[in-house]
Amino acid sequence: MNFAHRALVTATTALALIAAPAAVSAAPRQADRAGLQEQLDHVVATAAVGALAEVRDEHGVWRGTGGVAELGTTRPVPATGTFRAGSITKTFVATVVLQLVDEGRLGLDDPVERWLPGAVPDGHRITVRHLLNHTSGVYDYLSTLPMPPGQAFLANRWRTWTADELVRRAVAHPPSFDPPGSDYAYSNTGYLLLGRIIEEASGRPYGAEITARIILPLGLTGTSLPGSSVRIGGPHPHGYVPIEQADGVVRLVDYTEMNPSVMGAGGEIISTTGDLNRFTAALLGGRLLPRHLIDAMKTPGVEGGTYGLGLAWRDTSCGVRVYGNDGDALAYQAWTFATEDGRRRVTVALTPDFRGDPDDAVDALMDTAFCG
């Protein structure tokens with residue numbers, strides 16, 4: 001879920017003065033392996049209240065945690081805890097769309113207008129493929145909503161949104177570019193539309209299709225699509241957002257419980273590090289899709305891009321290309337990537353404190369895991 005953390009970091013630099021750095025848990029830890037714990041501690045020191053990670057490779061499984069599960073306590077982050085995984089939801093949605101393509105129930109080049117008449121202006125020119133790889137040009141509805149640190153953000157905390165009303169907010173704005181397919185612009189709106197297309201093509205809610213086609217077959221017991229349920233089940237770290245108070249000071253507000261319908265098919269999923277590692281390996285390994293559709297997922301929407309059909313990739317410092325996705329649910333951030341053969345898998349999740357940008361620290365951890 002692209003909630004523009006960098007802008008929030010800029011807007012909330014005062015937090016660096018009023019929020020004490022998250023304490024590193026004093027709980028017993030698994031022995032460090034190749035510097036992974038040191039790198040995870042650096043992630044926490046840079047920008048997080050708490051963090052957790054799981055690495056799976058030829059040496060076995062390594063799990064680590066850092067920071068605390070809740071501000072004002074010394075409670076450690078649960079190593080197998082659940083968290084909001086944001087835009088990693090998109091890879092699950094894309095997988096189901098491509099399964100329906102494989103079954104002949106919809107086509108990548110089907111126009112949106114075929115499935116959702118009147119939902120999007122010029123819907124006859126925008127295809128399912130354009131929605132999947134963010135080349136549709138459809139305006140991102142998130143840009144129409146209040147965001148932290150403004151108090152107005154909290155007014156929508158418990159509101160239930162429908163995909164259709166969020167799409168209407170988006171299409172009230174002109175497209176980011178025209179014609180469709182000519183450029184790349186990340187759009188959460190596109191995945192709300194894909195969720196609706198899944199429902200039209202299958203006759204069931206997109207969450208039910210993801211559950212039946214992915215979550216249950218892979219045994220992802222910590223993964224769920226909560227819909228409008230505000231709670232996170234099982235042990236989990238608390239997440240926070242920076243909000244400006246009446247005295248003008250920006251403080252972190254516990255935002256663990258919230259109505260995730262605002263994210264919908266673009267980012268509502270709750271999961272664990274172990275489940276996401278299992279999902280990514282199954283996807284890349286051909287358990288969910290035939291090889292030609294996995295190859296399509298790896299094809300960039302624009303020349304030189306690093307995002308295909310719901311799947312992203314990056315090159316590590318040692319030249320190893322890894323595939324997966326990252327997710328931003330504002331009070332939670334997550335990354336899950338694996339080598340093409342699925343033998344090395346890394347998932348990292350954190351609860352940001354907005355004192356800095358965690359991306360470089362997470363990249364360093366992933367480099368250590370994939371290159372060490």
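Helices (H or I, at least four residues) and strands (E, at least two) are DSSP runs, numbered from the N terminus. The model is predicted, so local features need pLDDT of at least 70 and side-chain atom pairs count only at pLDDT 80 or more, while totals for chains, interfaces and linings use all residues. Residues are numbered from 1 along each chain as its sequence is written, and side-chain values use heavy atoms, with hydrogens and water left out.

Leucine 330, in the loop between β8 (321-328) and β9 (333-339), also has a positive phi, near 70°. Leucine 330 is buried, at 1% relative accessible area.

Two cis peptide bonds turn up in loops. One runs from proline 148 to proline 149, with omega near 10°; proline 149 lies between α6 (128-132) and α7 (163-171). Another joins aspartate 178 and proline 179, with omega about 5°, and proline 179 falls between α7 and α8 (188-202).

As for nonpolar cores (buried Ala, Val, Leu, Ile, Met, Phe, Trp, Tyr and Cys residues joined through side-chain atoms within 4.5 Å), the largest has 80 residues, and Phe92, Leu106 and Leu132 have the most contacts inside it. Helix α4 (residues 88-102) gives the most to this core, nine residues. A second, separate core of 21 residues includes Val43, Ala53, Trp62 and Ala361.

Definitions and conventions:
Buried < 20%, exposed > 50% of the residue type's maximum accessible area, 1.4 Å probe, protein only.
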